[in-house]
Amino acid sequence: MNIQALYPATFDGTPESFNALLRTLLIRGTYDTVLKKITGYKGMYLYQQSKECWTVKFDNFAGIFGILFAELHEDVGVFHLYYFPSPNESMLDKFSLAEAITAQDEAYLEKVREFALHPALFRQFHIATLRLHVSIQNQSLWLFYETHIRERVYAKEGVIDPRSEEKSYLIEPEGLDKDLPSFRLLLPLMNFLNTAITRMSLCTPSYFKLFKASKASVAYDSIGNFSDVKDGASAKILIALGYGEGDFIELTERALVGHHAEVVHEAMSLNCFLQKAPWYDISDDIKQLSTHTVVQNKPKLIVVTGFLGSGKTNFLQNYIEYETEKNRFVGIIQNEIGKTGLDGKLLDYTYSLVELDEGCVCCSLAGQLRMGVNTLMRTIAPDTIILETTGVANPFNLLAELHELEDIVDFEVIVTVVDGVNALYLYDEFRVFKDQIRSADVILLNKIDQMSESQIDSVKVMLEQNNRCAKIIPTVQCDIHPNLLHNSIVASTSQIASLISEEEKNPETKSTHVQDGISSIKIPLSKPLNREKFRDYLEKLPKNIFRLKGIIAFEAEDNQYVVQYVNGVFEFVEQQSEQCTETFLVYIGKNIEKSFVQNPCSL
Amino acid sequence: MSTQTEDTKRRDFLKGAVTGLGFGTLATMGIFSYSPMRQFFLPQMVRKMTDFGACKSIKITNISETSWFDNATLMGDIKGAGGLLVNQYVYNWPPFGDGTGLAKGSYEKGIAKIKHLLPNKLDEAWKIIEANSVNPQNAGGFAALIEIERLDGVKKKYLLDSGWSYQWMDASFKREGIDKMLANGEIEALILSHEHFDHFFGLPVTMKYAPNIKIIIPEGFYKEGLQYIKDSGHKGELMVHKTGMNDIEPGLCAIVFDVPIICRVFGEQSLFANVQGKGLVSISGCCHQGIIQFISTAKKELKYDNDQMYGMYGGLHISPFEDWDPKYDDLVIGLAKWDFKSIGCNHCTGLLTAQKFVRAGYPVVQGTARNRSKSKVYLGNGDTITFG
């Protein structure tokens, strides 16, 4: 392999070189959209003031991963890898009580960004160690990950709740204080680092060995003496990986000294799984690995609605500048002729803009949108497309049609910008304003700088009454970080891998932390529904459907209704008579498939 | 007792737990933290505070900050070619167009069409370039003139970067009189901040007037870039700055950041001047390493008057890698603690960012929005800023 492909400056084996090599990998990873997509990498934060450390984030993990260079041991660079759980996630319960208390610190998340300064952070929360060896002479690279399948600590005499008058245990005697699935937490980070190396060097590992080693768990007594406890579940996993032609066997043997390690045979499921990883499996089209390949990722689609003067243009400008800073591109579709939302003089960038013909919005929006998306993809292939609606179309109609575009865009979110100052007036006057609020996933309550506290509160109450599931974010000039709009949850292969491994070792443990894919399906309704039967149907909807939206008609009634269903609560909102469209329902939920959803027409 | 209730108890306890408890307090409760890392400590990095002298003042003339004129066009090129990691020499961007279209070019095929015309017949070369390149009219360039006044009153000039389009840069050089300064040997050296097209591809324009000028580059240039310096007609000294701090002259130094940059570029050097009695002035091309990183490295490495970050000029990438933490992305807050006295920003800073600086009360020196610069919040083409 070519080490220069990973680090073009001089690698001289000093701690600074090791730091620079890994830092470079993390930074270049942020430019690689394919890598980000296949590894779930969200980017890194570089802390490099009095000490250096990096924090990174991955899809599906609420917490933050940390990496720091610990020491140079002989000629091997040793990095410590960390996971700092979010103070709210259930993973926190798997960390020790001391760690969980550390995470309650108000400034915890701020400190995490500079965790190299805080011993309470870098001495705890450790999930794995990475050893790195670089040979310039051989042009080879060796990585060695050391982690626990589960890292367990027992409280021999238990921990008593200090608030309790009677003796109440927080941890029962001989109970588990810490039961961390370290390997599961390491997986996304390892997957990313290995895949980044593979992609950047266009070279797959020439050496791969997996070991497990039994490891005693630890118990502490009431005065803090630590002792070993035999525990089948707390084995270590050691993963050695070599790129190029190097002395990998010797390096690995050196690293295994002191471990009673045995090779995990290639036929084992964990081994098989890892060998299908994107960094290992070369049977997948090698072109996929090449950075020269034109990647036609589906763009994200964000729909922005909002009444005239609410601040949609401000929203667009801010969004574009944030994204441009991150080297991502935005395309805009507007559905009204002649409205220049983006003034080239006002904004740094003249943006690719596609305008849709207003007259056709209601009848053939999907077709129009498809054309607009295709035009943008041909010209600038944006990462995100923002559809700016003007409130002419009923947002619910739009929602229905958007699902017809699933093959070309990933529908992300409906953002409704609300002019806070005029919200209560507009609410009384305009039907369309209400529909915009009701259809939103995120509501930006804008212009709060021009509102009193009590005004803000009363508008919030109105918004909440009309849309119980939207996230309401107060803004000034719509200045909002794009990430606050995103709320997607997808199952990842790394989690599946960890489940395989944990269950193999630990059949009695069932993980309760699987995040299943959330998806939606649209079902067209061929006829009016029976009101009572439909109510009954909604009341008995399975729990995995947590949201339902749509347009319905009831037997013997002229007007159509918008139905909104959120976690067991639902409402029907009568539509004006002229708004007659096709009827449909959109189901949003966990693991839903068409075959499981009963069409209410068949009731 | 099931783990479920134990978890609930834990949660409940944590909610009421007094935060910031030391490990000593926890120990009295019978809670201990076992970690294999519990003995681990990190050595404190020391501030090197290298003394690199001082100067009386520093004046910067923005020759051009408009690297390209239409962002959507550039975006389209980058996306169409395959993304942010594609090698900048394969785009078929000017001047290396070979007529085969986007992403099908190479340095060798491109330079072959114009090499015989460099550096003196740039108008003729540009005609060929226009015929063979992708979006030649979108190219502009970044370049700035730095005039440093030494403590003894002697003034010295340096050129930072040489832009992109031959046509645009030659016109910009003439507008600011750079052509004559180069021809008269008034400029000590051409300092290239990094290998990017918009800072580097216009090199022959400088070579046309001063082929013997010293060129200073950061380490990390690729072989095409090194060859282009030769092919542009450079006959003078080529100096390569290593990662870290490099002296230029008393009161002026460069720090090379070994940062990977989009379009397959590696390494960027920023300049720092210590203005006597005022403090440190930083001058950056794009600041791809990120502004916070840039400032904190300077703090760590350099000694400067009053320990004061005094001024800042150039394109300011704020936090280019991070993409996940909305709460802490507030560059305005991040910059406030450094208490800058004078900021001139442009190029890749972002107009809304610059406007935010102004709203936050930062001392942003406004420009005149002439010569195709877009807004007065940018220190635009032809504008100047003086520190000290």
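In helix α13 of chain B (residues 351–359), the buried positions include L352(B), T353(B), A354(B), K356(B) and F357(B); a residue is buried if 20 or more other C-beta atoms, placed from the backbone, lie within 10 Å of its own. Helices are DSSP runs of H or I with at least four residues, strands are runs of E with at least two, and both are numbered from the N terminus. Just after α13(B), G361(B) adopts a positive phi of about 85°.

The model is predicted, with local features requiring pLDDT of at least 70 and side-chain atom pairs pLDDT 80 or more, whereas totals for chains, interfaces and linings use all residues. Residues are numbered from 1 along each chain as its sequence is written, and chains are lettered from A and ligands numbered from 1 in the order in which they are written.

Between chains, 69 residues of chain B are in contact with 80 residues of chain A, contact being defined by C-beta atoms, placed from the backbone, within 7 Å. Helix α13 is among the elements of chain B that each supply at least two residues to this side, as are α1 (3–16) and β9 (252–261). The greatest contribution comes from α1(B), with 7 residues. By class, the side of chain B that touches chain A comprises 34 nonpolar, 21 polar and 14 charged residues; Ala, Val, Leu, Ile, Met, Phe, Trp, Tyr, Cys and Pro count as nonpolar, Asp, Glu, Lys and Arg as charged, and the others, Gly among them, as polar.

Chain A contains 17 helices and 27 strands. Of its 603 residues, 47% are buried.

How values were computed
A residue is buried if 20 or more other C-beta atoms lie within 10 Å of its own, exposed if 12 or fewer, and partly exposed in between; C-beta atoms are placed from the backbone. Two residues are in contact if their C-beta atoms, placed from the backbone, lie within 7 Å.
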